[in-house]
Amino acid sequence: MIQFNCDGSLSTTTKWTIKNCTSTRCSFEIVLNEKVMTTYSELYIPSRTLAYGVYQLTLTVTMIDSPNLKSSSSVYVRITATGITANLVQLGTSMITRGNQQDLLLDPGTFSVDPDEDTFDATKWKYTYYCRIYDSYNFPNVQGILLSIDDSRVDPYNPPCLSSRSGNGTGLIFGNLTSSPNSSLTVLGGSLQLNQIYQFMVYMENRKNSSIQATGYVLVTIEITHPQLIAVGCVISPMCVPNLEFQLLNPTTQVALFTICIGTCTNLQSIKWNIYQGSDNSTASNYTQWTLFNNTILYENIWFFGTNTSNFTATDLLFLNNLQISLWRFEVVYTFQSAISTSALNFIINQPPANGSCSINPLDGTITTLFTIECPNWYDVDGIQDYSLYAWTTDISQRTIIAFSSEYNFQVRLPAGDNETSLLSLVVYVRDFVGSVTQVNISSVNIIADLATINNLIDKITNLSSTITNNPIVRLLTSGNQNIVGQMIISLSQEFNQINIENLDKAISNGIPSVDISVSLLGSQSLQQISIPLNESALINYSIQLNSLANVRDYLVTFITDLLITTSNSIILQSSSLAQLTQATNQLTRNTLLLVSNRCYELSAALYSIFEKISYEDAQSASNQLFQCASNILNAVNGPLQGRTEVLDLDSSRANVISTDYDTDLESAWSNLNLFSDGNDFSTETIEKNRNIYYQKQLANQINSQVTQMISLLTASLNIHLNIGQKYRMNTSQSFVSLETISIQSLKDRLVKQVENAQFNIPSDFVLNTTSNSSISLRSKIDLLASYGNFQNTNLSRSVSLSIIDQNGNEVSFEAHQDNPIQLIIPRDPNVLIPSMYLQNVTSTNLTINNLLFNYHYINITSSLPISVHFEIHSLNKSLAYLFIYKFDQTPQLNSSINLIDGWTIFCPFSLKKLNQEEIQEERDCRMRSQYFDPIENFPDRIDQLLEAFNRIYMDQKIELSRLEKAGV
């Protein structure tokens with residue numbers, strides 16, 4: 001970590017050099033490819049970049065203003081070989097079935113995996129094969145030394161798998177005898193006993209270094225049929241690390257499996273997954289007893305997904321609710337017309353780190369106080385990979401990552417605690433190298449904002465002070481360390497976001513309409529409209545504070561958009577910081593938006609590049625923040641264009657600064673006044689206003705395009721983890737995103753619900769432009785503000801979208817017939833100003849039977865664009881029933897002989913039976929249908945009875961009221 005303490009410029013250059021070392025010295029400098037960034041304070045070298053050996057890594061820091069002031073520090077690193085995975089069959093499947101007359105091919109030379117290479121080099125290894133009759137005997141051995149499958153010696157206590165053997169063994173064929181001897185083994189059909197289970201083992205030894213070894217296992221069940229070979233593997237291979245006969249399983253992550261049918265796989269009738277829990281009987285005969293897990297059906301589409309498909313997922317809830325079970329088997333059964341094929345993958349729970357503790361010191365401070373986190377004595381057989389610190393105030397679901405470190409002792413700066421108590425809750429995630437996590441709650445701390453330092457920062461940024469580098473926060477930000485920068489951005493953003501909320505509340509209380517200065521959050525309630533005159537001084541003060549904090553964010557963003565992106569924790573930390581920084585969307589300048597948009601896209605691309613290597617939980621955490629970042633910048637760039645937020649002074653001034661190439665660039669838009677005039681109005685005020693709008697629109701188009709790419713990358717990063725029926729959902733006050741994998745058939749008549757009653761109703765006869773019959777992904781999204789475009793009347797609307805994505809990640813277009821359209825509800829901002837309601841007397845009627853009078857109200861619609869009309873009616877007498885009719889372009893008429901209306905509905909008396917939820921939904925559906933269809937095709941036949949019934953109800957009420965008045969009631 002780089003720290004400075006000086007009054008001058010803090011500008012520095014950093015440079016990493018890497019030298020290869022021999023036994024005597026490190027002299028040969030390595031030139032790395034351009035993907036390895038060597039000019040940051042941190043160095044991240046991806047796997048398989050450096051060859052085996054010892055390297056010297058040196059960091060040199062030089063002051064730009066004083067090049068003679070420099071300092072260097074070195075560290076030595078040894079690169080060693082990663083252990084290989086020995087697979088006897090494809091994907092490392094634990095158990096397969098073969099027919100007694102089928103040849104059995106065991107091919108570790110082809111199916112093994114070397115993480116250090118793109119392909120496995122079979123020539124580097126020696127191969128020895130062993131076999132035993134499973135659940136009855138151990139591997140044949142003589143005085144503890146195992147007998148290979150082709151060994152002619154006999155163990156009297158553990159019989160060989162092949163009943164007749166001599167020399168190479170009857171029924172065995174070793175392959176690749178020239179290039180890679182014995183790298184495969186074929187057991188000929190008829191060599192193994194029917195209805196028996198065999199366990200095969202391969203022992204592999206590196207030819208150059210005998211200390212490098214690997215062992216692989218497979219169970220083979222012999223049947224009388226001719227089953228196809230089914231390979232079972234993990235969708236995310238790093239989540240399934242081999243451990244002898246098992247794969248390691250992390251109880252805090254889901255397990256996603258896929259299968260491949262090898263050979264001729266026609267006439268497939270069904271696929272079924274079974275889940276087993278295991279008990280170890282090693283004391284008896286070294287085998288595992290498997291018991292069927294009985295609650296599969298009960299937890300289908302809750303814990304288990306895809307139980308009848310080629311892909312299967314078990315969520316972490318299965319393991320967290322059954323912590324006493326350490327062995328699991330996931331078995332797939334393919335049923336063909338003439339045979340049944342069974343395969344399985346066996347897992348053992350990877351025990352998380354244990355025996356340690358975590359503490360923090362001191363227990364109180366400010367956002368600039370340095371806290372020390374210590375987590376000593378943690379042990380894990382796989383080694384400790386890292387420690388991650390998360391914090392929250394009152395709601396643990398809102399916890400935010402604060403720091404991550406590979407060291408058990410690290411230092412952090414924390415955001416302010418709860419507004420009332422100043423308490424901040426903390427938890428440390430201790431993770432081993434295979435991904436198993438232990439969560440450790442540590443003492444809550446009292447954190448308050450360092451207002452003096454914050455105000456000093458605001459003042460110096462506002463006044464463009466040359467001594468800004470003296471501010472402690474700036475010194476921390478210039479470190480270039482993503483943990484430090486992320487912590488300070490999160491802390492400052494939370495403080496500024498709270499100030500922004502207070503400023504908005506104060507402005508609204510002084511008569512400034514909320515829809516003119518802000519966009520309501522999702523799920524928020526409508527603010528009480530205050531009928532007071534606009535306070536001009538309040539508007540001026542609000543504008544001053546708004547622009548001051550916008551300038552601060554514009555300054556801060558430069559420190560976070562150029563950090564090194566390394567691991568999934570790095571992506572989560574940086575995206576969390578950006579989501580916090582952009583939360584106040586009314587304070588984001590175009591420069592801020594452009595830098596954040598580029599950075600969030602880079603983070604999305606980085607997440608996509610590792611989505612096949614990280615857990616679903618990590619992908620979900622990063623995507624949550626990046627979806628919010630995308631929503632924030634879309635809302636911010638469209639706010640001024642939609643008239644929902646103020647134009648920022650910094651944007652206006654930058655737009656109208658004379659371009660440096662003004663005299664030479666004849667094509668420059670800046671100097672083309674015709675672009676910015678209003679007809680013949682070429683006044684300075686008009687030109688400057690429209691020039692700012694022009695650049696705002698340009699940026700809006702750019703961000704809209706970039707956000708579309710971000711959403712596509714994030715969707716792909718999540719989709720690989722989602723099985724059919726499984727759903728990802730992010731629901732925050734800034735954005736709502738839902739992503740689920742479904743069958744095409746289930747899309748028919750589907751109601752897709754979002755927040756704030758937004759929804760899509762897809763008809764049964766829609767047309768989907770795809771030739772695929774497999775599953776699809778359905779993504780629905782809602783943002784705070786509709787994008788500026790060619791449509792009017794959208795500035796008070798939310799933005800809703802529904803996308804269908806095929807298995808290749810491409811969006812698929814779909815359409816419906818005109819007479820059965822796709823129906824959707826787009827919510828409005830809850831603070832939209834609704835015109836005052838009209839009070840009408842609709843109870844005066846002519847007593848002549850069937851001559852019911854209607855009270856008419858006319859609305860003049862002048863727009864030529866498609867619009868929706870919403871009627872809201874409040875009854876002053878809830879004991880009465882009302883009939884509501886409407887007609888476009890004419891006066892509605894309705895009686896026993898005339899039916900000239902476009903729609904109708906009945907409002908029942910409040911005294912009628914209260915509807916249950918199902919009946920309420922049926923009524924809502926009926927009302928929705930009445931807006932799109934003609935529901936009264938049989939109405940004329942019954943109009944007389946209906947109107948007569950209304951008259952009877954009304955007359956009975958009048959008579960009863962008259963009787964009560966005479967009785968003095």
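Before you click anything, what share of the contacts in the protein chain with a separation of 6 or more comes from residues 24 or more positions apart? They account for 67% of those contacts, where contact means heavy atoms within 4.5 Å.

A word on what you're looking at: this is a predicted model, in which local features need pLDDT of at least 70, side-chain atom pairs count only at pLDDT 80 or more, and totals for chains, interfaces and linings use all residues. Residues are numbered from 1 along each chain as its sequence is written, and side-chain values use heavy atoms, with hydrogens and water left out.

**The whole chain**

Select the whole protein chain and colour by secondary structure: there are 13 helices and 45 strands. Both are DSSP runs numbered from the N terminus, helices being H or I with at least four residues and strands E with at least two. Now try a surface. The protein chain exposes about 49,400 Å², and carbon and sulfur atoms supply 49% of it; the areas come from the Shrake-Rupley method with a 1.4 Å probe, and for residues only the protein chains shown count as cover. Of its 969 residues, 46% count as buried. Buried means under 20% relative accessible area, exposed means over 50%, and partly exposed is in between (1.4 Å probe, protein chains only).

**A pair of helices**

Next, select 536-560 and 590-609, which are helices α6 and α8. Two packed helices are described by the angle between their axes and the distance between the axes. Here the angle is about 25° and the axes are 9 Å apart. That makes α6 roughly parallel to α8, since angles under 35 degrees count as roughly parallel, over 145 as roughly antiparallel, 65 to 115 as roughly perpendicular and the rest as oblique. The axes themselves are lines fitted to C-alpha atoms, for helices over the stretch in contact, with angles running from 0 to 180 degrees between N-to-C directions.

Show side chains for R553, D554, V557, T558 and I560 in α6, which meet N591, T592, L595, V596 and R599 in α8. The residues of this contact divide into four nonpolar, three polar and three charged. (Ala, Val, Leu, Ile, Met, Phe, Trp, Tyr, Cys and Pro count as nonpolar, Asp, Glu, Lys and Arg as charged, and the others, Gly among them, as polar.)

**One inside, one outside**

Jump to A619 in helix α9, residues 616-638. Is A619 buried or exposed? With a relative accessible area of 0%, A619 is buried. Leaving aside residues up to four places away in sequence, A619 touches L607, I614, S717, L718 and H721. Draw a distance from A619 to H721: they are 102 residues apart along the chain, yet their C-alpha atoms are separated by 8.9 Å.

For contrast, pick V657, in the loop between α10 (649-655) and α11 (684-719). V657 counts as exposed, at 52% relative accessibility. Its C-alpha atom and that of E688, 31 residues along the chain, are separated by 9.8 Å.

Most residues other than glycine have a negative phi, and most peptide bonds are trans. Where do you find P362? Look in the loop between β24 (359-361) and β25 (364-366). The peptide bond from N361 to P362 is cis, with omega near -5°.

Go on to L91, in the loop between β4 (70-79) and β5 (95-99). L91 is not a glycine, but has a positive phi of about 70°, and it counts as partly exposed at 31% relative accessibility.

Last stop: D135, in the loop between β7 (125-133) and β8 (141-142). Phi of D135 is near 65°, again a positive value in a residue other than glycine. D135 is partly exposed, with a relative accessible area of 34%.
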